[in-house]
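Colleague: Please take a close look at one part of this model for me. I would like to follow the charged side chains and how they pair.

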Amino acid sequence: MELTDSIKTMLIETAKALKGSARRLFMARTVKELGAGGQQRAARELGWGRMTIRKGLRELDSGLVCLDAFTLRGRKRAEDHLPNLLTDIHALVDRQSQTDPQFRTNRL
């Protein structure tokens, strides 16, 4: 199958419009239509990631959808790393807070 510029543009724009499993399945079906060496050709000419294509091929063959774990990526919340953070902050601030709520005195 020959990939003309118009077909390449259409395939790239369609892949950008789709998200998640639907995008991977579209990529996998496209690679299967390209035939032998389609995965390398799609990666080179269309700019698709080979790992994404491989994951899509696995989903297409097995019929099971791989779930994306976006919430597991990135930095964890500070409370997860330091469970006593809130009580420590209160302990620091309480010693320095003013006892008179109307601020009539300078005493702590």
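Modeller: Start with a definition. A salt bridge is a side-chain nitrogen of Lys or Arg within 4 Å of a carboxyl oxygen of Asp or Glu. This is a predicted model, and a search of the whole structure finds 6 salt bridges.

Take the pair Glu 59 and Arg 24. Their side chains meet in a salt bridge, 2.8 Å from N to O. Glu 59 lies in helix H4 and Arg 24 in helix H2, so the pair ties together parts that are 35 residues apart in sequence. Are these two residues buried or exposed? Arg 24 is buried, with a relative accessible area of 7%. Glu 59 is buried too, at 3%. Arg 24 also has other contacts beyond its sequence neighbours, among them Thr 52, Lys 55 and Asp 68.

Now move to helix H3, residues 38-46. Here Arg 41 forms a salt bridge with Glu 45, with the closest N and O atoms 3.5 Å apart. Both lie in H3, 4 residues apart, about one turn of the helix. An α-helix has 3.6 residues a turn, so residues three or four places apart point the same way. Glu 45 also meets Arg 44 in a salt bridge, at 3.9 Å from N to O. Glu 45 is partly exposed, at 27% relative accessibility. Arg 44 is exposed, at 59%. Together, Lys 8, Arg 41, Arg 44 and Glu 45 are linked in a network of salt bridges.

H3 has buried residues as well: Gly 38, Gln 39, Ala 42 and Leu 46. They cover an arc of only 105° around the axis, which puts them on the same side of H3. Their cover includes helices H1, H2 and H4.

Methods. Residues numbered from 1 in each chain as written. Predicted model: local features only at pLDDT ≥ 70, side-chain atom pairs only at ≥ 80, totals over all residues. Heavy atoms only, no water. Buried < 20%, exposed > 50% of the residue type's maximum accessible area, 1.4 Å probe, protein only. Contact = heavy atoms within 4.5 Å. Helix = DSSP H or I, 4+ residues; strand = E, 2+ residues; numbered from the N terminus. Arc of directions from axis to C-beta.
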